[in-house]
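Keep the sequence and the model in view while reading.

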Amino acid sequence: MQVYLPIAEMSVDVFLILGLGGGVGLLSGLFGVGGGFLMTPLLIFIGVPPAVAVGSEAAQIVASSVSGVLAHTRRGNVDFRMGSVLLAGGIVGSTAGVQLFAFLRSIGQVDLVVALSYVVMLGIVGTLMLQESVRTLIRHRRTGAANRGKLHQHNFLHGLPLKMRFPKSKLYISSLLPLSVGMFVGLLSALMGVGGGFIMVPAMIYLLGMPTSVVVGTSLFQIVFVTANVTFLQAYQNQTVDMVLALLLVVGGVIGAQIGARVGAKLRGEQLRGLMALMVLSVALKLAWDLVSTPEDLFSVGRMEGGH
Amino acid sequence: MGRLLALLGLVATMLGSAPARAQPLVFDLSSHLIAITTGFSGTELLLFGATEGEGDVIVTLRGPETTTVVRRKSRVAGIWINTERMAFAGVPAFYRVAASRPLDQIAPPALRARHQVGLENLRMSPPADAPTGEIPAFRAGLLRNQEARGLYASEPGRVSFLGPRLFRTRVVLPANVPPGAYTAEVLLVRNGQVIAAQATPMLVSKIGLGADVYDFAHRHAALYGILAILLAVLSGWGASVAFRKA
């Protein structure tokens, strides 16, 4: 069954979009990531213009994160204090990101910057996560259980000013740290059409030292608001939010996410992280390959801005 | 098919009833308004008509003209990057040509150029300051891209004659046919000369929910953004509630 997407100005198969939404939603629930880092490239791959893919995906992430964050709130897995600080940074970062996106679009470099951001970000995060989870798995095998003396390692980051207490996360750290993490992830969120969970989750674990139990819920909490900001700005400034597309993705996505959250609760953390690391790395490799291999056609066309 | 014959019959009657003012060429389209509705997945346009006397028929269908930017990639530090650009003005968003015989047997190059028959004759103007040596490559790149997206077709379609005077051709409009004002033009060519030319407008327009969404998104962008967020939050919340009960 075909449906016409009014903003993307193209006709797509309803079940293809529902299937994409469901599959990516499942992973989203499983790993606590928005799933945008998979969905946005997939949408571009099936022919949705990159700008519309980024804008509509932001709306979809709002929906899937809302249902996710509600599930986590019920289980008490959200650190609202930490989430609010991350969010403050996220709003600043994503607003700047939408402006940057519009500028890159006007000079014809948006595809390149988006692809490069994906390769660098996914490459780094994937490698770090894979390393960590493999190390943990090996340690588990040797000693039966990991026993660490401290909750986390202390380094220069803990000497920064404006310290704040985060009781839920059992942390006493400088608020500049979560603020800048939020800002950076917000920028990527607007630029790459992602929630940023794949950066946020590792940053919370390895950089901020938050306990794994509250990481996913807190990440989803701030993602809801940052992607809502991106959705509004993309719709307001660039008119690139296709609600028909977004709603189709939502329908598939929320169902997938709920199932994913249940399955995820039964799996072990290291295994989950290892799986996600492999997935992140394969997306990065695919995108890197597309950048360096000779394109089919060296020429590409784009409608002039305001040509409608 | 029955409808087609009825239409052709009507044309023949029209011609027959006014012999004193016999026009050398008349034609019409099966529809002057192509509605892109929510379920639109492409459609077929029928163009039919009649000629007075011998001759070949060339049909062109041109979409709204736009300014299109063509970019060329080159390798920078191992990565393919858009490095050069050229903006062409007057690029038809859609183009099809059809003829009763191969074009080079019907019309000399000058005629084809004058009437923009064939992709190579589309009058797309590069910027005045464009390096002349580069234009052909960019032009070819533009044509190739438009053809890959199904907006242009390099192979002419077939105009078939039913008897000596009645002709018809079909144009497939793909799902991604750009909205806007189109022009269908028919040339009657005899001995390499245009005997008669006729043009008629056609409109491709978004109708219904899709059109309303598009209009709303552009006219009330801020409100659209807020509604988009509300819809997303509501659907996410609704799903959460539904699954909690289940």
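## Terms and basis

A residue is buried if 20 or more other C-beta atoms lie within 10 Å of its own, exposed if 12 or fewer, and partly exposed in between, with C-beta atoms placed from the backbone. The model is predicted: local features need pLDDT of at least 70, side-chain atom pairs count only at pLDDT 80 or more, and totals for chains, interfaces and linings use all residues. Residues are numbered from 1 along each chain as its sequence is written, with chains lettered from A and ligands numbered from 1 in the order in which they are written.

## Positive phi in two loops

Most residues other than glycine have a negative phi. A:Q239 has a positive one, near 50°. A:Q239 sits in the chain A loop between α8 (212–238) and α9 (243–266); helices (H or I, at least four residues) and strands (E, at least two) are DSSP runs, numbered from the N terminus. A:Q239 counts as buried because it has 20 C-beta neighbours inside 10 Å.

B:A77 is not a glycine either, yet its phi is positive, about 50°. Its loop joins β5 (65–76) and β6 (79–92) of chain B. B:A77 has 6 C-beta neighbours inside 10 Å, so it counts as exposed.

## A sheet in chain B

Four strands of chain B form an open sheet in the order β1-β3-β10-β9, with antiparallel pairing. Strands pair if DSSP finds at least two bridges between them. β1 (25–29) and β9 (160–162) of chain B are the edges; each has a single partner strand, so one side of each lacks a neighbour in the sheet.

Five bridges join β1(B) to the antiparallel strand β3 (residues 43–51) of chain B. B:V26 stands opposite B:A50 in β3(B).
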